[in-house]
Amino acid sequence: MLEGIQHLGEGLFALVTDGWSLFHIAWATLLGICVGMLPGLTATLGLTLMATLTFHMAPSQAILILIGMYVGAIFGGSRSAILLNIPGTPANAAVALDGFPLARQGNVGRAMGIATVGAVLGTLIGMLCLAFFAPFLADRALDFQSFEFFWLAVLGVVVSGRLTANEDPLKGWVAGFIGLLVAMVGQDVLHAYPRFAYGYGNLRAGFDLLPVLVGVFGFSELLVVMKTTFHATVERSKDRSIPSIREVARYWKNIIVSGISGTFMGIIPGVGEDMGAWVSYGFARAMSKERAKFGQGSYEGLISSQTGCSAAVPGAIIPVLTLAIPGSAPAAVLLAALIVHGVSPGPLIMITSPGFVFEIVAMVILATAAILVFGLLLTRPLLKVLEVPRNRLMPVIFVLCTVGAFAVNSRVFDIWVMLGFGVLGYVLRELRFPMAPLILGVVLGPILDENLRRGLQLTDGGLGPFFTRPICLGLWLIILFTFLLGTRSFPALLVRIRNATLGPPNNSQGA
Amino acid sequence: MRKAALVFGVSALVIALLWGCETREPLDYAWTPTRPIEIIVPWAAGGATDQVIRLAATEIEKALRQSVVVVNTPGGTGSIGTAEALEADPDGYTWTSGSVAALGYYPVLDMLDTSLDDWHLFLAIANVPVISVHPDSDYEDFGDFLADLEARPGQVSVATAGTASTGHKVIELICQATGSDYNHISYDGGNPAVTSVVAGETSVTPQLASEQADMIRGGRLRPLAAFSREPIEIEGYGEIPPVTNWLPDVRIAMDYFGIWTRREVPDEVIETMQEVWDEYIVGSEILQQYTLERGAVMTPYYGEQAREAAWESVKSDAWILYDIGYAEISPAEFDIPRP
Amino acid sequence: MSHESENVESVSGRLRPQVDLLVGLGLMLLGIVVAIEAYRMPSVEHPRIRSVYSGPGFVPGLLGITLLVFGLLMLIRAIREGGLHFGGMGGQVLEGLRRPEPRRLAILLVLSLGYAWGLIGRVSFPLATFLFMVAFILIYDWGEAADRAVGSPWVVAIAKRLAGIEMTWSLRRERILLVITSTIQAALTAWIVTYVFENIFLRRLP
């Protein structure tokens, strides 16, 4: 451990005293924030581009740039989520849930400041886990097998459906299951059968997540905004964008819980930043005394979701380094870049090059410092976005949605997907269906499908392991409980049981 | 605002500089590309194809002094990206990539109407599949695995990267040679399949050595046999015996990875790329390093040599997929003879 | 902020049980169609599919059934809340249609479809973007420019224009300014987006 701290110190010192390193991390993080902010450009895409561009650079510089890009992009998505209700990357859908209402209430500056601090602290917590528990945590990742993944996917849809549609969980779940259904279109992983494709090559490839995301959040938001004749004017934000220490300290419990759960979600292979945000949001809501505020503009909700998704970044790097298994899609690109640059991550890394893990930690610290600086400095300039007249801003956003949808795969078909899902999203929003579970459903659909069938194939149709394995047991109990709490009779029953055993409560705290 | 604009400007400048270094003295190739060349990788970033092609791309970049952009277009078992290259203008600026055998099974699986004749092939390396188990497995050697396959038909779980993946074809060829059966567990890519054996979810994986190398070196996987005629060497582990020690008659076709472009591209593009292959790929240090670490073989072929090599893989793959019932159209209908 | 929620209230709020009833029916229909389609996918009769649960239709089938159940739950709930009373619904729908929102939506859809289908791929991307931007800003801001100039709601402004009332000087100035600024903005957007995507992100554009 002492050796580790020494390595870390050396790594940090080397980076901070090298002008080029500081310069690279600065522009890479800034570019990451921009990539994250633009709908349709995600952390994965940004990392892929940077991996190509940094090919000729020295490995340590190239990896530094990639880390800056990764941390920056996951953070950057929160800016557009708060300002425009358009999450820049799928990971930030939960941030929009409370961030945008806060912005509408005239607290843009404060919301962005709080989210920035959340992102910074989340990354730091994840980084601490990376530094000290990497070898141990990485082994836990292997406990997640097909059975666990199936329940995890169900949990994601059920929990986000419940959280986003507070007054009507049924609609949240319907949205989530529609998302799962959308994910079914295209060739199935197990037998390569083109489902719901009807002979169209583009449908055989399935709907790409990004055009769906851009449509459901971007284009449908555009329809909502442009529909009304009156311009919903945002009060000019006079609030401070740099939160005081006391303001942040109030949320210390949320920050720690979100940081740890986000890191853990990051570690689990294939489950990325988005689940980190959702699980943290769920915990925060369960712990909160002001549950009703969630979704209406709750700082607790905002800081938890941002802390959670940022903590997942170092979390996802842990298995990349120690097992050569990526924890998320952007982490997969990072892994490829590491291999290309001659670093072989894997079980041996703690033995062959123990210093490298700490070099990465030092890079994450630097990238975190960069988002803190940029996050707080850029808040004011970004607020100007809200002052641009709607008729001028919206066509630009539509052009970006179109280009963003196209840029992912260079398919014109994706522009149609964006438009189609935009209209569908608009209709569903008018009918009071939340959109975030739909997106999470599209993300988790393949995971659910593959792992359920794979698990059944492994057990020859037996359901036993799905219910008896320890992690599975915990997961399905949570799911069952979430479902029951969403019905009307079950909470009432709980109250009755409590009253029967403890006697009626003195002051009604609300069940 | 001004500060932001400044930082923005500076980062734009850096990017411009990164580009700028490319222009040096003129080259004496027949073809001088004037804009970036695009190589489509029809698989996800970070996968086996992606890794090899990105390395090859750096060499081509060095040779032509023009940036080479690798674009990942996954989906449809690689057919979506390949179809895109088939429809692109034949000007030498759009290439696609992958495992060459795929060009044979796309028509047979009714995914894409193409054949080797549509393309100019430039192959870089051949990846060797390795049959591996968890270190605690009861199998002492490959013979034990074969015995278990026969003793418990359809029960031994084998993890592959999915239908028509290399691992899938390898295990089918083994079963065809021995007349046994297995429980096929497919994953979304080679790395998750390998991980499942490390985690103990499945018993055996026949995926590419390149996907297993780190785990083998780290003692998380134990290789039983390489699916080749010669033993293969993985740096930091040692030698893996060939499968022919146990199954001398099993049909083995190499899995060649490379890039290809449409047959109709101008001759000077092909001539130039052939020179690039001779001067940069054959002696490429980064590719050699890659093959050493990942148990792969350098196969820098083009022209007739590439076609002959590829034809063997195409025949083998198309027929095994037909024999096991995945392909409904007989390869004979596409003039692919049985190997 | 308040305006938007009022609108949502007027469309689906007052008619919530009735709308939910129709949505429930729609979901049930979707669930049935999905389940049937899933059933038609290859299963054990295919040589390599050994069991029902590993076939491609297994999970879509489960999802179809779940949606059917969800639809049924919504239907039952809507009926309990009085969703079967359709009286007066026609009038409310008509009232909703008479509001400006449907027309504004239609305009936006025509504009975006025109851009994505009519322009992209036919003319170069920067030109397509330029034309779309100019059209968008002019169509939506034309009326609001009048609004800014005269200070009356734009519906009234348009009515005045239709009735042939002369434009005031300030209105004309406002509109000339609008044309100039929208052209500049459109050109800048088209150029910047094209440059950034093609040269910095190295992406192809349609």
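**Entry 1: where A meets C**

How many residues of chain A are in contact with how many residues of chain C? I looked it up: 46 residues of chain A are in contact with 56 of chain C, where contact means that the C-beta atoms of two residues, placed from the backbone, lie within 7 Å. On chain A's side of this meeting, α8 (169-184), α10 (209-227), α19 (390-409), α20 (412-430) and α21 (436-459) each bring at least two residues. These helices are DSSP runs of H or I with at least four residues (strands are runs of E with at least two), numbered from the N terminus. α19(A) gives the largest share, 10 residues. By class, I noted 29 nonpolar, 8 polar and 9 charged residues on that side. Ala, Val, Leu, Ile, Met, Phe, Trp, Tyr, Cys and Pro count as nonpolar, Asp, Glu, Lys and Arg as charged, and the others, Gly among them, as polar.

**Entry 2: a reminder to myself**

This is a predicted model, in which local features need pLDDT of at least 70 and side-chain atom pairs count only at pLDDT 80 or more, while totals for chains, interfaces and linings use all residues. Residues are numbered from 1 along each chain as its sequence is written, and chains are lettered from A and ligands numbered from 1 in the order in which they are written. The predictor gives the complex an ipTM of 0.82 and a pTM of 0.79.

**Entry 3: confidence in chain C**

I then checked pLDDT, the predictor's confidence in each residue from 0 to 100. Chain C has a mean of 78, with 77% of its residues at 70 or more. Over residues 1-12 of chain C, pLDDT stays under 50.

**Entry 4: helix α4 of chain A**

Next I followed helix α4 (residues 59-84) of chain A, which has 26 residues. From first C-alpha to last it reaches 37 Å, close to the expected 38 Å, a span found as 1.5 Å times one less than the number of residues. I found a kink of about 25 degrees centred on A:Ala73; the bend is the angle between axes fitted to the seven residues ending there and the seven starting there. Just after α4(A), A:Asn85 takes a positive phi of about 65 degrees.

**Entry 5: the domains of chain A**

Last, I looked at domain 1 (2-232 + 246-388 + 396-468) and domain 2 (469-511) of chain A, with bounds from an automatic or database domain assignment. Their centres, taken over C-alpha atoms, are 31 Å apart.
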